[in-house]
Amino acid sequence: MTSDANTTPQIDGFHLVIEALKLNGIDTVYGLPGIPITDLSRKMQAEGVRFVAFRHEQSAGNAAAAAGFLTQKPGICLTVSAPGFLNGLTALANATTNCFPMILISGSSEREIVDLQQGDYEEMDQLAIARPLCKAAFRVLHAADIGVGIARSIRSAVSGRPGGVYLDLPAKLFSQSIDAAAGQRSLIKVVDAAPKQLPAPEAVQRALDLLKGARRPLIVLGKGAAYAQADDAIRTLIEKTGIPYLPMSMAKGLLPDTHGQSASATRSFVLAEADVVLLIGARLNWLLSHGKGKTWGGANASSRQFIQIDISPTEADSNVPIAAPLIGDIGSCVSALLDGLGEHWATAPAEWTGAIAERKDKNLSKMAELLAKNPQVMNFHSALRVIRDVVKANPEAIVVNEGANTLDFARSIVDMYRPRKRLDVGTWGIMGIGMGFAVAAAITTGKPVIAIEGDSAFGFSGMEVETLCRYDLPVCVVVFNNNGVYKGTDVNPRGDDMAPTQFVKSARYDKMMEAFGGVGFNAATPAELDAALQAALASGRPTLINAVIDESAGTESGRITSLYPQHAAARKH
Ligand code: FYN
Ligand code: ADP
């Protein structure tokens with residue numbers, strides 16, 4: 001705020017943006033400074049908004065998205081114009097795809113020059129480019145409209161189905177000054193940004209009727225259920241009805257993975273056999289084979305009936321008919337179902353739960369045998385066994401997970417015990433979220449983070465180890481180093497360059513962490529990995545463990561090899 005003897009006090013665009021964010025309880029911004037937002041980042045810090053600076057905008061955007069998922073408040077990412085904006089855009093689009101609330105605020109160049117395409121510094125029509133990749137996109141041209149711009153962005157990000165929002169702030173806006181009192185009055189404190197949406201009573205009854213008649217009911221929990229923070233109600237519904245449940249990867253831990261009703265270890269069986277499926281915050285997209293086909297029992301698929309709890313009314317029928325859509329927020333919908341269960345609800349038939357238990361026990365024993373092996377060179381199982389045990393002993397730790405085999409094996413081996421403790425590649429199967437998600441997890445929760453990273457996946461955000469060190473975050477990165485994408489054993493038949501999937505052999509990723517003052521370990525055995533992990537958690541220091549994995553371990557693309565175009569898969573095998 002500025003003033004002199006002859007003028008009324010003034011407030012500029014910089015401070016209006018900061019005040020508007022603070023007024024709405026936003027205390028942290030993730031970004032990367034540069035023209036025209038460097039001063040904004042400095043002034044944010046001076047005014048008590050934490051500015052967490054990254055080495056690449058995509059990681060800053062990923063951090064904002066993860067913060068949004070974990071806190072239900074929009075995570076804010078701040079970028080410079082054109083190239084910085086584009087670097088942040090992948091994270092914005094990914095947040096939208098995953099239904100994570102985030103706002104990408106980007107500085108932009110002079111409108112008069114950009115719109116006439118006269119070749120400005122970092123010229124780009126950012127608003128037009130962002131619009132199809134997010135829920136809403138806004139631009140503010142006048143300082144007096146900053147309050148409205150921020151308020152609309154917050155509401156758009158968190159209300160209804162959460163997602164990404166773009167807010168364009170041209171450079172000239174920051175230096176505009178307006179009367180300070182009028183400026184303060186122009187700011188909006190958003191009231192009830194994500195209003196509860198109660199389901200219609202007849203929709204609740206329809207769902208209950210269907211559930212009551214089920215002989216082989218199943219509940220599928222998605223990351224929407226984790227986001228909703230309705231943990232107690234969801235657990236009560238599952239336990240009261242006795243219905244087996246299947247958590248999607250980021251819903252793991254909503255109930256402990258060791259829960260008797262978890263059907264994770266018999267996924268194929270329950271999907272193929274269930275007759276009524278209650279989806280809670282999970283979409284019938286590729287991860288659930290679109291609700292049809294072989295995964296869902298082939299010929300039997302058409303007789304299955306779905307109940308779908310979702311905040312978005314247009315999600316129902318997106319792939320197969322939904323017999324009982326239950327539209328509303330998950331907390332309200334699950335509570336309404338609970339109210340409707342009454343005193344005498346019959347729990348899921350023993351024939352069904354018994355059949356599941358039998359198969360589950362077999363699969364768990366098979367897995368236990370695999371995990372007990374100690375091959376000469378570590379493989380995914382022997383290394384993940386160690387991480388599984390460490391997570392069990394430290395259930396408050398947050399697991400970040402990306403890669404192909406590293407992702408797929410970790411998902412089934414590393415049990416989660418508490419809600420919202422697992423962050424991963426999500427709906428797109430995106431690579432590069434690792435360090436951004438890890439930073440946000442550490443900052444928003446203050447808890448230790450274990451980032452289980454494929455060596456390829458780590459490469460996308462690896463430079464952020466400097467960020468981990470700069471902020472001295474309790475993040476332990478474990479790089480599953482098998483010398484390549486998928487594995488390190490491919491051979492280039494021509495013998496000149498290395499094969500496309502190969503990396504430098506026996507690389508020492510731990511040295512990257514040491515370069516910035518963090519702690520590095522090289523672990524070639526489960527005992528070394530265990531010792532390194534224990535040390536990392538005890539110290540709370542940024543640590544990178546280079547876990548040496550058999551380069552022939554793993555398969556092409558982990559569990560999703562079938563997604564390759566057919567002829568390529570045939571050539572491969
Ligand atoms: C699971 N399983 C277990 C356990 N947990 N067995 C024993 N013990 C435990 N704890 C069994 C489970 O029943 C399955 O066997 C099998 O292990 C695999 O389980 P998963 O991983 O849950 O199931 P599946 O079929 O792989 O799931 C499909 C999927 C998943 C699409 C949801 O693959 C996925 O989330 N993929 C994301 C991939 C991705 O995004 N990759 C990034 C890009 S990589 P059966 O019941 O016998 O089937 C680019 O190349
Ligand atoms: P997963 O990949 O784990 O199966 P998805 O991302 O496909 O999960 O599904 C999440 C779903 O949850 C989305 O359809 C979204 O609209 C819904 N959702 C998110 N938050 C809420 C909420 N608070 N109440 C109801 N539905 C929600």
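Which polar backbone atom lies 3.0 Å from a nitrogen atom of ligand 1? In this predicted model, the atom belongs to Ser-412. The two ligand sites are described below, after the overall fold.

The chain has 573 residues, and 56% of them count as buried. Its secondary structure comprises 23 helices and 19 strands. Along the principal axes, the C-alpha atoms fill a box of roughly 85 × 65 × 50 Å. The radius of gyration is 25 Å. A compact globule of 573 residues would have a value near 25 Å, so the chain agrees with that expectation. Contacts were also sorted by separation in sequence. Among those between residues at least 6 apart, 76% join residues at least 24 apart. The chain exposes about 23,400 Å² of surface. Carbon and sulfur atoms supply 53% of that area.

Ligand 1 is surrounded by 23 residues. The closest are Ser-268, Arg-411, Tyr-486, Ser-557 and Arg-559. By class, this shell divides into 11 nonpolar, 8 polar and 4 charged residues. A polar backbone atom of Thr-266 is 3.3 Å from an oxygen atom of ligand 1. The backbone of Ser-412 places a polar atom 3.0 Å from a nitrogen atom of ligand 1. Arg-559 approaches through its side chain: one of its polar atoms lies 2.8 Å from an oxygen atom of ligand 1. Taken alone, ligand 1 exposes 1,000 Å². The protein buries 79% of that area. Helix α17 gives the most, with 4 residues.

Ligand 2 has 20 residues around it. Arg-161, Lys-223, Arg-283, Asp-310 and Ile-330 come nearest. The shell around ligand 2 consists of 9 nonpolar, 6 polar and 5 charged residues. Its largest share, 3 residues, comes from helix α11, which spans residues 223-227. Oxygen atoms of ligand 2 take part in several polar pairs. An N or O atom in the side chain of Asp-310 is 2.5 Å from an oxygen atom of ligand 2. For Lys-223, a polar side-chain atom lies 2.6 Å from an oxygen atom of the ligand. Gly-281 approaches through its backbone, with an N or O atom 3.2 Å from an oxygen atom of ligand 2. Taken alone, ligand 2 exposes 580 Å². The protein buries 96% of that area.

One further residue was examined. Asp-510 lies in helix α21, which covers residues 510-515. Is Asp-510 buried or exposed? The relative accessible area of Asp-510 is 1%, so this residue is buried, the cut-off for that class being under 20%. Leaving aside residues up to four places away in sequence, Asp-510 touches Gly-520, Phe-521, Asn-522, Leu-544 and Asn-546.

Key: Residues are numbered from 1 along each chain as its sequence is written. Chains are lettered from A and ligands numbered from 1 in the order in which they are written. This is a predicted model: local features need pLDDT of at least 70, side-chain atom pairs count only at pLDDT 80 or more; totals for chains, interfaces and linings use all residues. Side-chain values use heavy atoms; hydrogens and water are left out. A residue is near a molecule or strand if one of its heavy atoms lies within 4 Å of it. A polar contact is a pair of N or O atoms within 3.5 Å; within protein, one must be able to donate a hydrogen and the other to accept it, and residues adjacent in sequence count only if both atoms are side-chain atoms. Accessible areas come from the Shrake-Rupley method with a 1.4 Å probe; for residues, only the protein chains shown count as cover. Helices (H or I, at least four residues) and strands (E, at least two) are DSSP runs, numbered from the N terminus. Ala, Val, Leu, Ile, Met, Phe, Trp, Tyr, Cys and Pro count as nonpolar, Asp, Glu, Lys and Arg as charged, and the others, Gly among them, as polar. The radius of gyration is taken over C-alpha atoms; the globule rule is 2.2 Å times the number of residues to the power 0.38. Buried means under 20% relative accessible area, exposed over 50%, partly exposed in between (1.4 Å probe, protein chains only). Contact means heavy atoms within 4.5 Å.
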